[in-house]
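Here is a short report on selected local features of one protein chain. Keep the sequence and the model side by side as you read.

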Amino acid sequence: MTAANKDFFEALSMLEHERGITAEYLIEKIKAAIIIAVKKNYEVEEDHIRVDIDPDTGRFDVALIQDIVADEDWYDEHAEIGVTEARKIRSSYEVGDRIITPLKTRDFGRIAAQTAKHVIRQGIREAERNQQLSEIQSRTHDIVQATVTRVDTEKGIVALDLGKGGEAVLPRNEQVPGEVYTEGETLQVYIVDVVSTERGPRVMISRTHPGLVKRLFELEVPEIFDGTVEVKAISREAGARTKMAVWSKDPNVNPVSACIGEHGARVAAVVEKLGGEKIDIVKWSEDISEFISAALSPAKVVKVELLPGETRSCRVTVPDQQLSLAIGNKGQNARLCARLTGYNIDIRPESGYYGEDEEPKKDAADAE
C-alpha cells in the first residue's frame with residue numbers, strides 16, 4: 001500500500017467513525033466521482049473505465065479499457081488502440097481483445113479533479129441526509145424530547161430542536177390549547193410522520209395526537225410495554241380530557257388497575273406530563289354494549305340498545321340524576337365516548353323526563 005493510498009483509506013475510516021457514514025457508501029460515491037472525472041477528461045463511455053478501490057488490500061487503481069482494433073480503423077486514442085501498438089505490449093493480442101491501461105491520478109486534469117471533489121462532497125452530504133432521515137424515521141409514532149428554539153407568536157408556530165433528528169415546527173393546530181412555550185424549554189412531542197425532501201427530512205410533530213398519550217402510558221406501565229395490556233382505542237380533546245380503552249390478554253391482570261397504578265401513581269405521572277389533562281381509563285370489551293357502558297364512565301348506565309341499520313347507533317339509558325354527568329360539560333363525555341367506541345350515542349334519562357333545564361340529547365356525534 002502506497003503512502004497516498006494509506007492516507008486515503010485512513011481518511012475514509014475517520015469519516016466513518018466521526019460522521020457515521022459507512023466506508024462502503026463513501027467508496028461507491030468516490031468510484032462514481034472518479035468515473036465522471038475520467039469520462040470528462042478522456043471523453044469515453046463508462047464501460048471503458050475501471051475503478052478498483054479495496055480498503056482490505058489498500059488497492060486504489062483507475063484504468064482505461066481500450067478495444068483493440070485494426071490499425072486502419074483506429075481513430076479514438078482513448079477508447080481504442082491499434083493492434084500493432086497493442087502487440088508491443090503483449091504479442092498475443094488480437095483484434096477484438098480489450099487492453100487495460102492504468103492511469104495516474106495526476107493525468108485526470110484539474111477540471112476532472114474538481115468534478116471528483118464536488119461529487120464526493122455531494123455524496124457525503126447525501127449520506128448525512130439519509131442517515132438523519134433513517135434515524136428520525138425510526139422514531140415515527142414515538143415520543144422525542146425536544147428543545148424550543150423559536151416562538152413566533154404572530155404565525156402561532158413553535159420551532160423545535162429534535163437533537164440528531166434535526167429541526168421541526170409545531171404548528172398551531174398541533175399545540176395544546178392553553179399551553180405557553182418559551183425558548184429553551186424542553187417538551188415531549190409525538191412524531192406523526194417523516195417525509196424526505198431535497199433539503200432533508202421534514203418531520204411532522206404533534207402535542208395533540210392521541211398517540212402521545214399512548215406512548216406515555218407505554219413508558220409508565222410495564223404491562224403495556226411488554227404486551228400484557230393492550231391499548232385498544234383512544235379518544236382525546238387535547239388539554240382537556242382523554243378516554244383510553246384497555247384490555248389484558250392475562251385474565252389475572254386487571255388492565256385498568258395496571259394503568260392507574262398503586263395509589264394512582266402511574267396515571268398521575270402521565271397527567272403531569274400532559275399539563276393536568278384528565279384521563280379516563282376504561283375496560284375494552286368485545287361486547288359492544290359492555291364497552292359503551294364502560295366508555296360513558298364516570299356515569300352509570302342502565303341499558304344500552306343497539307339500533308338496527310348500518311349507522312352504528314345506539315340508545316343509552318342512564319339514571320335521571322346522572323344524565324348531565326353522562327353527557328358531560330358541553331357534551332364532552334358523550335363526544336369522547338362516541339369517538340372511542342365508533343358509535344353514535346343517544347343518551348336518555350331513565351324516566352324519559354329531561355327536566356326544565358334539560359333538552360332531549362341527540363346522538364353524541366351531534367353534540368359537537
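This is a predicted model: local features need pLDDT of at least 70, side-chain atom pairs count only at pLDDT 80 or more; totals for chains, interfaces and linings use all residues.

Residues are numbered from 1 along each chain as its sequence is written, and side-chain values use heavy atoms, with hydrogens and water left out.

Helices (H or I, at least four residues) and strands (E, at least two) are DSSP runs, numbered from the N terminus. Buried means under 20% relative accessible area, exposed over 50%, and partly exposed in between (1.4 Å probe, protein chains only).

Helix α8 spans residues 265-273, and its buried residues are Val267, Ala269 and Val270. Seen down the axis of α8, these fall within an arc of 155°, so they line one face of the helix. The arc is that of the directions from the helix axis to the C-beta atoms. The buried residues of α8 pack against α5 (210-220), α7 (255-260) and β12 (278-283). Contact means heavy atoms within 4.5 Å.

Strand β12 holds Asp280. Asp280 is buried, at 15% relative accessible area. Leaving out residues up to four places away in sequence, Asp280 touches Arg241, Thr242, Lys243, Met244, Ser297 and Asn333. The peptide bond from Ser297 to Pro298 is cis, with omega near 15°.

Two non-glycine residues have positive phi:

| Residue | Phi | Relative accessible area |
|---|---|---|
| Glu43 | about 55° | 70%, exposed |
| Arg312 | about 50° | 44%, partly exposed |

Glu43 sits in the loop between α2 (23-42) and β1 (49-54). Arg312 sits in the loop between β13 and β14 (313-318).
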